[in-house]
Structure formats: structure tokens, C-alpha cells
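Please consult the sequence and model shown here while reading.

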Amino acid sequence: MKCVLSSSASAELALLKNILQNAGIRCIELNEQMAQTIPLAPFQAELWVENEADYAPALALLAEWHHPTHTGGPAWKCSQCGETLGSQFSKCWKCGQRRAASA
Ligand SMILES: [Zn+2]
């Protein structure tokens, strides 16, 4: 078993556990009970993967969740300089061209 995450926010932990399980990664929460019983306790709830082979994929999933690479849309291409931009940008960071409605 390997710990992939520790958090004092049990709701976040439960959500991430769900994400991992949906991806077919077996994982368990530790210390959850204690963290809820004693909110100000110095320890945190932890999320562990049962299979060490799942450790890297689990971390990738968690990273994706914390820093989504695509936020609900395909990347678009600047009509002026051709730079490829993430859907979260409304303007080209390179040349300042606004995103065209059709892009
Ligand atoms: Zn541009």
C-alpha cells in the first residue's frame, strides 16, 4: 500500500477517492474516523492505494483534478500567430489577439 494524499478536508478526500475508484484504482481512507471525531487533531486523513502499481496513475489523476489541463473545451488556435491556447484563455497570451467566436 502507498499513501497518495493526506488532507484535513475529508470531503475532498472522499471526492478524490471516488475519482480513483471510478478509474478502477482500489484505494482506502485511513484516519478518517479520527479526523472527523477530533477536527483539530494534528493528524490528517489519508488516501492510500492498495496496489503500488496504481501509485503513479493515481498521482496523475489527482494532479489532473487539482490542475485541470482542459477546462471544459478544446484548445483553440490563435488566428493571428497560430499559437495553440487552452480553452480557459479568452485572449492569446503571445500576441494579444482576442479569441474568435468560431475558434
Ligand atoms: Zn496570437
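The questions below concern a helix, a nonpolar core and charged side chains.

This is a predicted model, in which local features need pLDDT of at least 70, side-chain atom pairs count only at pLDDT 80 or more, and totals for chains, interfaces and linings use all residues. Residues are numbered from 1 along each chain as its sequence is written, and side-chain values use heavy atoms, with hydrogens and water left out.

Q: How do you know that the span of helix α1 agrees with its number of residues?
A: Helices (H or I, at least four residues) and strands (E, at least two) are DSSP runs, numbered from the N terminus. The expected span of a helix is 1.5 Å times one less than its number of residues. For the 13 residues of α1 (residues 10-22) this gives 18 Å, and the end C-alpha atoms are 18 Å apart, so the two agree.

Q: Which residues of α1 are buried, and what puts them on the same side of the helix?
A: Buried means under 20% relative accessible area, exposed over 50%, and partly exposed in between (1.4 Å probe, protein chains only). L13, L16 and L20 are the buried residues of α1. They cover an arc of only 70° around the axis, and therefore lie on the same side of α1; the arc is that of the directions from the helix axis to the C-beta atoms. An α-helix has 3.6 residues a turn, so residues three or four places apart point the same way. On the other side of α1, A11 and N22 are exposed.

Q: What do the buried residues of α1 pack against?
A: Their partners are β1 (2-7), β2 (27-30), β3 (45-49) and α3 (55-66).

Q: What makes up the largest nonpolar core?
A: A nonpolar core is a set of buried Ala, Val, Leu, Ile, Met, Phe, Trp, Tyr and Cys residues joined through side-chain atoms within 4.5 Å. The largest has twelve residues, among them L13, L16, L20, L47 and L62. At least two residues of this core come from each of β1, α1, β3 and α3. Leaving aside neighbours within four places in sequence, L47 is in contact (heavy atoms within 4.5 Å) with residues including V4, L13, L16, L20 and C27.

Q: Why is the pair of E29 and K17 called a salt bridge?
A: A salt bridge is a side-chain nitrogen of Lys or Arg within 4 Å of a carboxyl oxygen of Asp or Glu. The closest N and O atoms of E29 and K17 are 3.4 Å apart, and the pair forms a salt bridge. E29 lies in strand β2 and K17 in helix α1, so the pair ties together parts that are twelve residues apart in sequence.

Q: Is E29 buried or exposed, and what does K17 count as?
A: E29 has a relative accessible area of 16% and is therefore buried. K17, at 21% relative accessibility, counts as partly exposed.

Q: How many salt bridges does the structure hold?
A: There are three. One of them joins E50 and R26, at 3.0 Å from N to O. This pair links the loop between β3 and α3 with the loop between α1 and β2, 24 residues apart. Another joins K94 and E83, whose closest N and O atoms are 3.3 Å apart.
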